[in-house]
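Keep the structure open while you read.

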Amino acid sequence: MSKNMDFNTSDTHISHRLHLNESDSNNLLNLNHVFLNEFKKISIYPDPSNTDLKNKISYHCKVSPDMVVLGNGIDEIILLLSLTFLKNKKTILTSEATFPGYETSAKIVGGNVIYAPLNDMKCSIANYQKNITSDVILAYLCNPHNPTGSIVSLDEVIYFIEVMNDKRVIPIIDEAYIQFSDENKNSILKYIVNGGRAIVLRTFSKAYGLAGLRVGFAIGPKDLIHAVSLTALALPFRINRFAQRMASEVLTSDILSINVRTVRKLISTIELSFSKSEVTYIPSYTNFICFKPPMGNTDFLIKAEKFGVMVRDCGLFGLPGWIRASVSNKKDVDCLLFLLDLTSFEGKQSGDVNE
Ligand SMILES: Cc1ncc(COP(=O)(O)O)c(C=O)c1O
């Protein structure tokens, strides 16, 4: 099987990893002393209550600690949500062509999935509304949306929450990429902090650059968070000590603003280049861009593989003809433009493709 067709390839020898929406690790290198300090305590179990990190997140997000639950990445929180709420083979509602974790976790506990069609490559709240059935327990809205990179406005998200609450469905807003958009304008966090009945999911894997450590969190009403926390008791040491310590550290560092500023510039460069060359793309509110290679998907993927570049074929999400590629530094941009024949041979050399 072509590596570009394998959803979970995480081979660290690949020279250009544009397929998993990761960040650049260079900005984190000055925190290696934090790692070394934790290493001295490696024989001791990590804090099962995640007290320090939970308090820091609470302070940062202006919520009480009993509105926060941590997970081994958002991945684990989604599984905990399924284990907690999808009893008796109940159903989740999500958009078509979206992050596959919602479906995987629902199916693992015997749940069903209903998909709301996208409209113009964006989540459509009207389509969610049309597809609710009496079996639906959880409704996931990925905002900004993976893999398209599109976003729905805060007003629409609030409407989504109201619709779901009316139908006694728990609304879950996955904001894995929110910091790459205008977070103050687009995030639902404040609404939930002020009593809105929904759960928001956040991760340290993307804008904070800690994908290798596995840590994410959910914020929501105390009763829902309490129910998820009870399920989580089955795995008391889920968040390892390196993850707890590093996440605490990056929360108060300038890593987030550096990564976000860098990625926004890179995405603007790509969008400008795509516009000039008439490459069809979806304006991105994330660290990746979803586009249609003019040479066609097959030829693009063959070329990517030849030069050791991993990208995501959106056919896997049910969007044939589209490719998703993430960028975290200038090399990634050079590499992408080279694959699309948008830079000269010199560009290829300075882009170090296949280095
Ligand atoms: C929309 C979305 N949600 C959740 C996740 C999982 O994040 P984590 O690394 O925190 O498990 C991803 C990972 O790519 C994602 O794209």
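Lysine 89 has 11 other C-beta atoms within 10 Å, so it counts as exposed. You'll find lysine 89 in the loop between helix 3 and strand 3 (91-95). Most residues other than glycine have a negative phi. Keep in mind that this is a predicted model, so these angles are computed from predicted coordinates.

Lysine 62 also has a positive phi, of about 60°, and is not a glycine either. Lysine 62 sits in the loop between helix 2 (51-61) and strand 2 (68-71). Buried or exposed, with 10 C-beta neighbours inside 10 Å? Lysine 62 counts as exposed, because the cut-off for that is 12 or fewer.

## Cis prolines in one loop

Now look at the loop between strand 5 (136-142) and helix 6 (154-166), where proline 144 is found. A cis peptide bond joins asparagine 143 and proline 144, with omega at about -5°. Proline 147 is in the loop between strand 5 and helix 6 too, and a cis peptide bond links it to asparagine 146, with omega at about 15°. For context, most peptide bonds are trans.

Helix 3 covers residues 73-85, and its end C-alpha atoms are 19 Å apart. At 1.5 Å a residue, its 13 residues should span 18 Å, which agrees. Because 11 of those 13 residues are buried, helix 3 is largely enclosed by the rest of the structure. The buried ones include Gly73, Ile74, Glu76, Ser82 and Phe85.

Which element gives the most to the shell around the ligand? That's helix 3, with 3 residues. There are 14 residues around the ligand, and Gly73, Asp75, Thr203, Ser205 and Gly216 come nearest. By class, the shell has 5 nonpolar, 7 polar and 2 charged residues.

## A buried serine

Serine 328 is in the loop between strand 13 (323-326) and helix 13 (330-339).

What does serine 328 touch, leaving aside its neighbours within four places in sequence? Its contacts are Glu22, Ser23, Asp24, Val263 and Asn287. Take asparagine 287: it is 41 residues from serine 328 along the chain, yet their C-alpha atoms are separated by 7.3 Å.

## The whole chain

Zooming out, the protein has 14 helices and 13 strands. Its C-alpha atoms fill a box of roughly 60 × 55 × 40 Å along the principal axes. A compact globule of 355 residues would have a radius of gyration near 20 Å, and the protein has 20 Å, which agrees.

Buried residues make up 46% of the 355. Among contacts between residues at least 6 apart in sequence, 70% join residues at least 24 apart.

The mean pLDDT is 92, and 92% of the residues reach 70 or more. The stretch to be careful with is residues 345-355, where pLDDT stays under 50. The model has 20 contacts beyond four places in sequence for that stretch. Where pLDDT is low, the predicted coordinates should not be read in detail.

Technical notes: Residues numbered from 1 in each chain as written. Predicted model: local features only at pLDDT ≥ 70, side-chain atom pairs only at ≥ 80, totals over all residues. Helix = DSSP H or I, 4+ residues; strand = E, 2+ residues; numbered from the N terminus. Expected span 1.5 Å × (residues − 1). Buried ≥ 20, exposed ≤ 12 C-beta atoms within 10 Å, placed from the backbone. Near = placed C-beta within 6 Å. Nonpolar A, V, L, I, M, F, W, Y, C, P; charged D, E, K, R; others polar. Rg over C-alpha atoms; globule rule 2.2 N^0.38 Å. Contact = placed C-beta atoms within 7 Å. pLDDT = per-residue confidence, 0-100.
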